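Open the model in your viewer, keep the selection tool at hand, and follow the stops below in order. At each stop you will be told what to select and what to look for there.

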Amino acid sequence: MIIRRRLTVGVGILLATLTAGLGTALPAAADETPTKASPKVELVLDVSGSMRTRDIDGQSRMTAAKQAFNEVLDAVPEQVQLGIRTLGADYPGDDRKVGCKDTKQLYPVGPLDRVEAKTAVATLAPTGWTPIGPALLGAADDLEGGDSTRRIVLISDGEDTCGPLDPCEVARDIAARGIHLVIDTLGLVPNAKIREQLTCIAEATGGTYTAVQHTDELSGRVKQLVGRAAEPVVTPVATEGADSCSAAPQLKAGLYTDREKIGEHRWYRVDVLPGQELRASVTVSADRAVNNDYGVLLRAVTVHGREIVRGSESGTGRTDAISSGLRYPKPEQDGTDSEDKPAAETVCLQLSNSFSAPASVKTSPGMPVELTVDVVDAPDDAADAAAFGLGRGWWLLGVLVLTGLIAGLLFGWISRWRIAVWRTN
Amino acid sequence: MVRTRRVLAGALLAGMALLTSAGSAAADDPSASPSPSASDGGTGPTEAGTTFRTATTIQPSQRATAGASTGDYLYWVFPADAGQRATVKATVTLPGTATRHGASTWQVDVYDGLRRRQACMYGHQTRKAAADASTVELSCVLRTVRAWSEPWANDPLPGNYYVRLTVVDLPSADLGQPVQTAVEVTAADQGGAHDVDGMLSEPLAPGAASLQQTVDASSDGDSMSPAPLGTEPDDGWASGWWTDRWIWTVGGGVLGALAAVFGYSLTRGNGRPSRVPPGA
C-alpha cells in the first residue's frame with residue numbers, strides 16, 4: 001500500500017511537472033467563472049384562501065406552513081441568500097383578473113434577518129387566488145443577478161386556475177433562460193391535478209416534487225432543499241452548438257450547457273494536440289413528458305466527416321436524463337522535426353437525440369444539455385494483453401520448470417560428451 | 001479459494017525466489033485488504049445529489065443514507081481503481097402501506113466517469129416492491145475495472161462511478177411520498193488475472209485535468225468549500241506498476257533456473273567420473 005501510494009505521489013509530481021512544462025494547453029478552464037456570489041433561494045408560499053383548510057396534523061395548512069417556515073428560517077445556512085414571495089396573499093375579491101396578479105415579495109432576497117423574516121411570515125393570512133405562473137416569474141426576477149445557483153421552493157395547495165399562463169410552460173421558459181435555476185415543489189394536497197401540475201413544474205427545471213402530509217415532513221423537506229442550494233457546485237457555461245461543424249463553437253475543457261430540440265443536431269469543435277486525449281460526455285435531460293423509448297448519440301468526427309469514435313445510449317421508461325460519453329486519444333506524432341510544432345486536430349462533436357414526445361407537448365425551447373469536455377494526456381497504450389507482458393499461472397510455471405529441466409539436462413549431456421571426446425583424444 | 005491458493009502460491013514463490021521482504025510485503029498488497037477504507041466505521045453522507053454534477057461522494061465501504069421523495073433521482077459517486085470489482089447495494093425503505101396505492105419498481109443504475117451506463121453482471125438492478133412491502137433491496141455487481149481499454153469499448157476504467165437510484169414505475173398517486181434510501185459500495189480486488197497492460201494518464205473523473213475550479217465564499221471566507229468535481233480513493237489511485245504477475249514471472253524464472261541446475265546435476269552423477277577408481 002505504501003509503495004503504491006509513494007509511487008502515485010511520485011507519478012503525480014512527475015505528471016504535474018510535465019503538464020507545467022507543456023505550458024498547460026488548458027489554462028485551467030479560463031471560461032469557468034468561479035461562482036463568487038452565494039446561492040440564492042426563494043421560498044414561494046401559497047397564501048390562497050384554501051390554505052385555511054384544517055387537514056395537516058389537525059391544524060390548518062397555513063399554520064403548518066408558518067410553523068415549518070419558522071423552523072426553516074432558523075436552519076438556513078449562513079451563506080444562503082433567502083427571500084420569501086407570496087401568492088394570493090392580498091386580494092380577497094372575486095375579480096379573476098386582479099386575483100391572478102396577486103403575488104408580491106414578502107421578504108427580499110439577501111442576507112437573512114431571521115427575526116424580520118419570521119415577523120413577516122407571521123402576518124400572513126389565507127386570502128386569495130392561486131396565481132402560480134406569475135409568482136414563478138416574479139420569483140425568477142427576484143433571483144436575477146449574479147452567477148450563483150438559484151433555487152425556488154414552491155409550496156402550494158392549489159391548482160393554478162389563472163390561465164392562459166400554464167405554470168409548467170412558465171417554469172420551462174425560466175429554465176431556458178440559462179440561469180441555473182431549479183424549482184422544487186411541495187404539494188399540500190394529495191390531488192391528482194395538483195400533483196400533475198407541480199411535478200410538471202419540477203420536471204421542467206430539474207427539481208423535485210414532494211407530497212406533504214405532516215408538518216415535520218414539510219419543514220424537513222424545505223430544510224433539505226435549502227441545504228442543497230448551499231452545496232457548492234460547479235456552474236456550467238452556456239454555449240450554443242451549431243448545425244454544422246464548420247459553424248460550431250470552439251470549446252475548451254470545461255462544463256457547458258446548451259439546449260437541443262427533439263430531432264435536432266448540435267455540433268461543437270474541440271482542438272486536440274497529438275499526445276492528448278479528448279474526453280467528452282453529454283447528458284440530455286428529459287424536462288417534459290416524453291415517450292418511453294429514447295436515446296442519445298455523441299459522435300467525434302474529423303473535419304472531413306470521418307467518424308472517429310462514438311458514444312451512444314438508449315433507454316426506456318421513466319428517466320430524468322440520458323447520457324453518454326466518448327474518449328479519443330490522439331497518438332503521439334512520430335517522425336516530425338522537433339522544430340515543427342505539432343498541429344492540433346480539430347475534432348467535431350455531433351450531438352443528436354432520439355427522444356420523441358406526444359403531439360401535445362411543446363418541443364421548444366429544446367431540452368437541456370450538459371456537456372463536459374476534458375483534454376488530458378493520452379494513455380499509455382497497451383503493448384500486450386497482460387500487464388507489462390508478464391505471465392501468470394500454473395501453466396507458466398510448468399512450462400518454465402520443464403524448459404529449465406530440459407535445458408539443464410541437455411547442457412549436462414553436451415558437456416559430458418565433450419569431456420569424453422576430449423579424453424579420448 | 002482461488003484467492004487463498006494465489007496468496008499461498010505467491011508466498012511460496014516469494015520464499016523460493018528469495019524476494020524476502022519486498023516480495024512478500026507486496027504479495028499481500030492487492031488481495032489482503034480489499035477495503036482499505038473500512039476503518040472509518042462505515043458511516044457516510046446523509047444527503048444525496050440530484051444530478052451527475054451534484055452527486056454526493058461516497059467511499060467504498062461507507063454507508064450513505066438519504067431521505068427523499070418517491071420519484072426523486074438520487075445520485076452518488078464513488079471511486080473505483082483498476083483491478084477492483086465494485087458492488088453497489090441499495091436499500092429503499094418505503095413509506096407506510098396505508099398511504100401507498102400499489103406496487104412500485106425501483107432501479108439502480110451505474111454510470112462511469114464519462115457518464116456511460118455500465119452493465120451489471122449480477123444482482124437485482126431492478127426490483128418490484130409489492131404493495132405491502134416495506135423495503136426493496138437492489139444490488140449491482142460491476143465488471144472488473146481494467147487499467148486500460150480501447151476507446152471504442154465501454155469497459156469500466158479507473159475513475160469515478162455514478163450511482164443513480166430511482167423509482168421507474170409506480171402508481172402516479174404515490175409520487176412525492178417520503179422514502180429513506182441507503183447505498184453501500186464495496187470493492188473487491190480481483191488480483192493479477194485481471195491486470196492488463198496500458199494505463200490511462202488520468203482516471204476517468206470529471207475535470208481530471210482542467211477544472212481546477214473552486215467555489216469560494218463571497219464575503220465570509222471559509223463558509224464554502226471547493227466544488228467537488230471528482231473523487232479519489234482514500235489512499236490515492238494505484239500507480240499501475242504493481243501486479244502479482246511480477247511474482248509469478250520472477251518465481252517461474254527462478255524455478256526454471258533451479259530445474260536447470262537440477263537437470264544438469266542429474267547428468268553429473270555424484271560428481272566423480274565413474275571410470276575413475278575410488279582410490280585414485
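Begin by selecting H8(A), a helix of 16 residues, which at 1.5 Å a residue should span 22 Å, and whose end C-alpha atoms are 23 Å apart, so the two values agree. The expected span used here is 1.5 Å times one less than the number of residues in the helix. Helices (H or I, at least four residues) and strands (E, at least two) are DSSP runs, numbered from the N terminus.

Before going further, note that this is a predicted model, in which local features need pLDDT of at least 70, side-chain atom pairs count only at pLDDT 80 or more, and totals for chains, interfaces and linings use all residues. Residues are numbered from 1 along each chain as its sequence is written, while chains are lettered from A and ligands numbered from 1 in the order in which they are written.

Staying with H8(A), colour its buried residues, among them A:Leu218, A:Val222, A:Leu225 and A:Ala229, together with charged ones such as A:Glu217, A:Arg221 and A:Arg228. A residue is buried if 20 or more other C-beta atoms lie within 10 Å of its own, exposed if 12 or fewer, and partly exposed in between, with C-beta atoms placed from the backbone.

**Next: helix H2 of chain A**

Select H2(A), which has 15 residues and reaches 21 Å from its first C-alpha to its last, close to the 21 Å expected at 1.5 Å a residue. Its buried residues are A:Arg61, A:Met62, A:Ala64, A:Ala65, A:Ala68, A:Phe69, A:Val72 and A:Leu73. If you look down the axis of H2(A), these buried residues fall within an arc of 160°, so they line one face of the helix; the arc is that of the directions from the helix axis to the C-beta atoms. An α-helix has 3.6 residues a turn, so residues three or four places apart point the same way. Now show what covers the buried residues of H2(A), which includes strand E1 (40–46), helix H4 (114–122), strand E6 (150–156) and helix H8 (215–230) of chain A.

**The whole of chain A and its two domains**

Zoom out to chain A, which has 9 helices and 18 strands, and in which 46% of the 425 residues count as buried. Colour domain 1 (40–230) and domain 2 (236–331 + 342–377) separately; such bounds come from an automatic or database domain assignment. The centres of the two domains of chain A, taken over C-alpha atoms, are separated by 34 Å. Where they meet, 8 residues of domain 1 are in contact with 9 residues of domain 2, two residues being in contact if their C-beta atoms, placed from the backbone, lie within 7 Å. On the domain 1 side, helix H6 (167–176) and helix H7 (192–205) each supply at least two residues, and the largest share, 4 residues, comes from H6(A). That side divides into 3 nonpolar, 2 polar and 3 charged residues. Ala, Val, Leu, Ile, Met, Phe, Trp, Tyr, Cys and Pro count as nonpolar, Asp, Glu, Lys and Arg as charged, and the others, Gly among them, as polar.

**A buried residue in a strand**

Select A:Gln350, which lies in strand E17 (residues 345–353) of chain A. Is A:Gln350 buried or exposed? With 21 C-beta neighbours inside 10 Å, A:Gln350 counts as buried. Leaving aside neighbours within four places in sequence, A:Gln350 is in contact with A:His265, A:Trp267, A:Arg299 and A:Val301.

**Last stop: chain B**

Chain B has 3 helices and 11 strands, and buried residues make up 48% of its 280 residues. Select B:Pro171, in the loop between strand E10 (159–169) and strand E11 (178–189) of chain B. B:Pro171 is exposed, with 12 other C-beta atoms within 10 Å. Leaving aside neighbours within four places in sequence, B:Pro171 is in contact with B:His101 and B:Gly102.
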